Amino acid sequence: MPLPLRRINCSRRHNQIKNQRKTNELTKTFIEEILRFNKAHNIVGRSTESEISLLDVIDCESILPHTKSATNLLDIGSGAGLPGIIIAIHQPQTEVTMSEKNKKKAYFIKKTIRTLQLANAKILDEAITPKLITENKFDVVTARALASASKIIKMSKHLLSKKGKFLLMKGALEKINVEVAQLENNTYSYTIHKTKNTETNRHILEITQK
């Protein structure tokens, strides 16, 4: 009996290693694509692989523990696909929609989705507004350094599923406290998650409807 169990565990471990290797390869290609496109179009304010890895990729990976259960996720103002592409790479079970109104950046995201063959990712090349209607509701809406929490809620709350949540990538705690003070106490509750990324002083602001 113990022998079959060991075989199962070895097989699981093999798949974990295989999946991690694929994730690393896709992430490396993503960084290379950013650097290549950035030379002509300046879509991110970084110029080296190490900068993008530390300040963008590792930073965006800090949201992953909070998005693991997401089925449909919307990344508003995704820019160069951050964090949308990172989430799509790590979570093939999550359907990731990235909205980006800047045509140059939207084209880069579309091109990168093709290059990385991400079947679970797509681009919406227009702004998110209260009038926008999408095919599906989302159980997670995220954004990275886009706008205040109240503005993001105002523009996208109609796109959130009934039991959905906002997961907003924020910086300093002091600024977050100012933002949450503007939320409607009777409508929303929130939790602030501190991440391990000391380079960007990153916090994840989780907001749910009461």
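1. The protein has seven helices and seven strands. Helices (H or I, at least four residues) and strands (E, at least two) are DSSP runs, numbered from the N terminus. From that end, the order of elements is α-α-α-β-α-β-α-β-β-α-β-α-β-β. This is a predicted model: local features need pLDDT of at least 70, side-chain atom pairs count only at pLDDT 80 or more, and totals for chains, interfaces and linings use all residues. Residues are numbered from 1 along each chain as its sequence is written, and side-chain values use heavy atoms, with hydrogens and water left out.

2. Overall dimensions. The C-alpha trace spans about 55 × 50 × 35 Å along its principal axes. The radius of gyration, taken over C-alpha atoms, is compared with a globule rule of 2.2 Å times the number of residues to the power 0.38. For 210 residues a compact globule would have a value near 17 Å, and the 18 Å of the protein agrees with this.

3. Surface and contacts. Accessible areas come from the Shrake-Rupley method with a 1.4 Å probe; for residues, only the protein chains shown count as cover. The accessible surface of the protein is about 11,900 Å², and 51% of it belongs to carbon and sulfur atoms. Buried residues (under 20% relative accessible area; exposed means over 50%, partly exposed in between; 1.4 Å probe, protein chains only) make up 43% of the 210 residues. Contact means heavy atoms within 4.5 Å. Of the contacts with a separation of 6 or more, 64% are between residues 24 or more positions apart.

4. Nonpolar cores. A nonpolar core is a set of buried Ala, Val, Leu, Ile, Met, Phe, Trp, Tyr and Cys residues joined through side-chain atoms within 4.5 Å. The largest one has 33 residues, and Phe30, Ile85 and Leu118 have the most contacts inside it. At least two residues of this core come from each of α1, α2, α4, β2 (95-99), α5 (103-116) and β5 (160-170). A second, separate core has 22 residues, including Leu74, Leu124, Ile153 and Ile207. In soluble globular proteins, nonpolar side chains tend to be buried together.

5. Leu118. Which residues is leucine 118 in contact with, leaving aside its neighbours within four places in sequence? They are Leu26, Ile85, Ala88, Ile89 and Ile113.

6. Helix α2. The buried residues of α2 are Ile52, Asp56, Val57, Asp59 and Cys60. Seen down the helix axis, they fall within an arc of 160 degrees, so they line one face of α2. The arc is that of the directions from the helix axis to the C-beta atoms.

7. Aspartate 59. This residue lies in helix α2. Is aspartate 59 buried or exposed? Aspartate 59 is buried, with a relative accessible area of 0%. A polar contact is a pair of N or O atoms within 3.5 Å; within protein, one must be able to donate a hydrogen and the other to accept it, and residues adjacent in sequence count only if both atoms are side-chain atoms. The side chain of aspartate 59 makes such a contact with the side chain of arginine 144 at 3.0 Å, and another with the side chain of arginine 202 at 2.7 Å.

8. Helix α6. Ala149, Ile152, Ile153, Met155 and Ser156 are buried in α6. The cover over these residues includes β1, β4, β5, α7 (173-180), β6 (188-194) and β7 (203-209).

9. Asparagine 120. This residue is in the loop between α5 and β3 (121-124). Asparagine 120 counts as buried, at 7% relative accessibility. A polar atom of its side chain lies 2.9 Å from the backbone oxygen of threonine 94.

10. Backbone points to check by eye. Most residues other than glycine have a negative phi, and most peptide bonds are trans. Asparagine 42 has a positive phi, near 50 degrees; asparagine 42 is in the loop between α1 (2-41) and α2 (49-61) and is exposed, at 58% relative accessible area. Alanine 145 also has a positive phi near 50 degrees; alanine 145 lies in the loop between β4 (138-144) and α6 (149-156) and is exposed, at 68%. A cis peptide bond, with omega about 10 degrees, joins leucine 82 and proline 83. Proline 83 is in the loop between β1 (72-76) and α4 (84-90).
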